[in-house]
Amino acid sequence: MSEGVVAHERLLLVSTNYAPEQAGIGPYAAQLAEHWAAERQAEVHVLAGMPHYPSWRVDPAYRGKWRSVDSRAGVLIHRRRHTVPPRQTAARRALYEATILAHGVLAPPRMGRPDIVVAQVPSLAGGLLAARLAKRHGVPYLPIVQDLMGAAAEQSGISGGGRAAGAAAAVERRMLRDATLVGIIHDSFRDRVTALGVPENRIRLVPNWSHVAGPSAPRRETRARLGWPEGRPVLLHSGNMGLKQGLDVLVETARHAPELRVVLMGDGSQRGRLVELAAGLPNVDFLPPASDDEFPDVLAAADALVVTQRASVLDMSLPSKLTSYFVAGRPVIASVAAQGGTAQEIRRSKAGMLVPPEDPAALAAAARELAADPATADTMGARGADYARTHLSRAAGLGRVTALLDEARAAHSRGSTA
């Protein structure tokens, strides 16, 4: 048994998103829970929603179910039904959160007393449920902040978001105030979290890790299979197609630069609108999400990987796609605000180029510059892969969160006996 493991340890992770979801925080939640089950030999339970992200449609295998208990890789996943709004507005998001909270309160997971409750947050309801369950059992509560929903409502462009931002921040404040410790995935979150009333000495940095393997197939073979001819630069965006991504800029880039091929791979609430916006553009392709096995090879086959955010997005989130982009070994073009966390990661890794957000001409110019200098593009990509190996390994990421779990348990124990 590993050092630090408590005999008969029982852990509860609350994460609305969980495997088989392939995008967002679902893969991180699953790898964390499975790591605890395997390496700590713990009894691990997860309170989750029905799989629905990033398509915002319930996975067909779970439609019609109110509750279920699945066993996956030694983890028991307790799923609860909730609304899934196909279009995002502040009111619909509030209903989504309310149904997650209500069903979790009415039907908490059937399990023995946990030793700690961990929450993967962006879900406000998930954080509140985790805090409630921890308080009921008198055990430590550890939220890991992946997104800041108050800031998201303010910055993402969601309809009614400005009015909802204050309410969301108030819920976040309540959700975080009683936490034993609070994990954040990037330092750009720190000021917001302290502004919500969390003392600086209770905040810990636990960056996400690269949750995918590196590419294995030759780039030329993958490009041929995808129908991407050599000599025509391919810009690839992979992942969620939501409001905060501001993906209109990629469609307009394709319109501005017909020699480029723009590929949007994934799903999300804005996919249908983007398809309509790109109608008549022969150099824009939409692909479904790639399978786990194909995903790294598809990323590596592109000439450049693109991450976009609306100009208003500053400190609400850090795109999970970045870790996968770095592993793929291709240069990243980041069309994002210069002061945000995404820009900080591009500068730190030296793995890409920064261009102003919502500026298709600047994005096209960056793509042309990389296409004209393949050696520089390859060097940037290699730096990203090296950055992933040295800073974003799965073992290091899982170890950081696990160490934080142990620290939270020890801090709670000291407080209980003081």
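Predicted model: local features only at pLDDT ≥ 70, side-chain atom pairs only at ≥ 80, totals over all residues.
In the classes used here, Asp, Glu, Lys and Arg count as charged, Ala, Val, Leu, Ile, Met, Phe, Trp, Tyr, Cys and Pro as nonpolar, and the others, Gly among them, as polar.

Rolling a probe the size of a water molecule over the atoms shows where empty space is left. Across the whole structure, a search turns up three cavities of 30 Å³ or more. The largest cavity holds about 80 Å³ of space. Its lining consists of 14 residues, and L47, A48, G49, R80 and I100 are the ones nearest its centre. Two or more lining residues come from each of β2 (43-48), α2 and α3, with α2 giving the most, four residues. Sorted by class, this lining has seven polar, five nonpolar and two charged residues.

The second largest cavity contains about 40 Å³ of space. Among the residues that line this cavity are Y28, L32, I144, W209 and V401, along with Q120, Q146 and N208. Its lining has no charged residues; seven are nonpolar and three are polar.

Pockets, unlike cavities, are open sets of points. The second largest pocket has a volume of about 370 Å³. Of the 16 residues lining this pocket, L128, A131, R132, K135 and D178 lie nearest its centre. The elements giving two or more residues to the lining are α2 (90-106), α3 (124-137) and α5 (161-177). Here α3 gives the most, with six residues. The pocket lining has five charged residues, together with nine nonpolar and two polar ones.

Methods: Residues numbered from 1 in each chain as written. Heavy atoms only, no water. 1 Å grid on protein atoms, 1.4 Å probe; cavity = no way out; pocket = protein on both sides within 12 Å on 5 of 7 lines; lining within 4 Å. Points joined across faces, edges and corners; volume = space filled by probe spheres on them.
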